[in-house]
Structures are given as C-alpha cells and as structure tokens.
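Biologist: I would like to request a close look at a single part of the model shown here. Please set that part in its surroundings and give the cut-offs behind each term.

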Amino acid sequence: MMTEQELTELRSHGIAVFRNRVIFNAQPPIDSDTLAWVQAQCSGPIPQPLLDLWANTAGGNINYTVNIKMGDEVHSFSWTELFFRGATTYYDLDGWIKHELELAEQSAAETGAVWTGTLDWLPIGGFEYLDRAYVRVANDSDHGMVLLWMQGLPPAWVGRLHQDTSGSFAIDLNSAFDKLFLAEHPVHGIEQYRTGLELVEYLDDRVDSHGLAQSLADRLIDFYAEAVVVPPPPNTTNSGWSNHE
C-alpha cells in the first residue's frame, strides 16, 4: 500500500489511486454543480461506488487489461478513459451524456415508449468511440451494475466483434476496478506493447520535467505492478441490453 504522504505527493502530480488501481492525468474531485447536473440526467440515484470515485478524481486515464466474454468468445476491452466535464476530446462527460440522451429519445420514439428525459445507463469511460463503460443508474435490482459496450468493426478487423455488442462486466464499479489487471510487469515484461507503458512514460515526464522524485515514481510502479496476475476468468453472464450506439 501507498502511504497517505505518498498519495498526497502523487496527487500533486496528477496521480490518484482508487481500489488499489492507478489513475493518471487525474482530474480534481467532482464539483457540486457538475454532480447535480449529472444526477439530473439519471433516472435513479448515482451509485455510491461512482460517487466514491468522483470524490477522489472526476476523470483521467487508466492503463490495465480488461477481458470480457461477449457471446461465446473472450474479447479484450479497451478502457483507458474516465470521462470528465470540460474535456475537449473523447473524455467529454457532458458530450457523452447528451449523446446517450439523444439515442434514448430516438429509441423511445421508434418503439412508442414513454420518453422520461433521463438515462438508465450512465456513460463513465471507455476508449474513443469504440468501447464504452456504463453504470446502471435506474433504481432497480441492477442498480450499480457495470456494462461494457463494444462497437462492431468491419470483417477485416480480425479479432474484433463485427456487430455492436454489450455485456455485463461487474455488479458495481468497485468490483469492476478490482477486475482490472496486468499480464506483465510494465517495466520488466517482455511484450513490446505491454500494458502499462503509458503510465511509465507519464511518470518519466513527471520526474524529468515536474520534480517528481524518482524513488516515489519507482515506488508507484512497484505498487502498480501488484496488479500483475494470471488473467482472471471473464464473466460468463451477458446482459440483455445491446441497444447502445
């Protein structure tokens, strides 16, 4: 474990820890105005684990391996972004929420359902436009569940799904973070494109240009590498929701 003093120093360099997983380019905790706006877009209460994350950091980068069973096959899911307000890139929390609201309204019109004006699934992260992670905010038995959505790609993309697919990943955000793992040490591993190199590069820059002590950077890498495990078995339960776009 990192000490409170170490965590405080790392926070000054844009690094936060949640559920023993490292977030870099970490944003400040969510402000009350943003939180109130997000809550107003949800059909039920924001789950406590997501509130806990946002009280720590309202967004940034994560760099772990994520596997999920979609249909009969296990697929690698890209989850590198945690959305936040004010981002000018794919990290834009407000933009993704508005996008989902438009889709939900369109779906209601097409099916003749009553449009409530709110979301049952809140987008919280992913990778660009290809992969997205959602938290269930509807006040039902699945409240808090984490769902992963992958966009289908043309057949030329070997190893990728060729139609939009979603699947249940974890019962809540805490469990989802617990499932993030590394297959190799980010520094001492042998794969050329192993997971963790982005974090290593981020720390190198903080040491070289921003005064982060090399000893603390090394300490964080050791802590980060504690997530190296034999890949856990993917979940075998697929959700029944597959209409996200």
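In which sense do E7 and strand E8 (residues 131-136) pair, and over how many bridges?

Modeller: The pairing of E7 with E8 is antiparallel and extends over six bridges. This is a predicted model, in which local features need pLDDT of at least 70 and side-chain atom pairs count only at pLDDT 80 or more, while totals for chains, interfaces and linings use all residues. Residues are numbered from 1 along each chain as its sequence is written, and side-chain values use heavy atoms, with hydrogens and water left out.

Strands (E, at least two residues) and helices (H or I, at least four) are DSSP runs numbered from the N terminus, and two strands pair if DSSP finds at least two bridges between them.

As for burial, six of the seven residues of E7 (residues 121-127) are buried, so the strand is largely enclosed by the rest of the structure. Buried means under 20% relative accessible area, exposed over 50%, and partly exposed in between, with a 1.4 Å probe and protein chains only.

The nonpolar cores extend the picture. Such a core is a set of buried Ala, Val, Leu, Ile, Met, Phe, Trp, Tyr and Cys residues joined through side-chain atoms within 4.5 Å. The largest one has 59 residues, and Leu122 is among those that touch the most other members, as are Trp54 and Leu148. Helix H7 (residues 214-224) supplies the largest share of this core, six residues. A second, separate core of five residues includes Trp121, Tyr134, Leu147 and Trp149.

Contact means heavy atoms within 4.5 Å. Leaving aside residues up to four places away in sequence, Trp54 touches Leu122, and also Pro29, Ile30, Leu35, Val38, Ile46 and Leu93. Leu148 lies 5.5 Å from Ser166, C-alpha to C-alpha, although 18 residues separate them in sequence. Ser166 is found in strand E10 (residues 165-170) and counts as buried because its relative accessibility is 5%.
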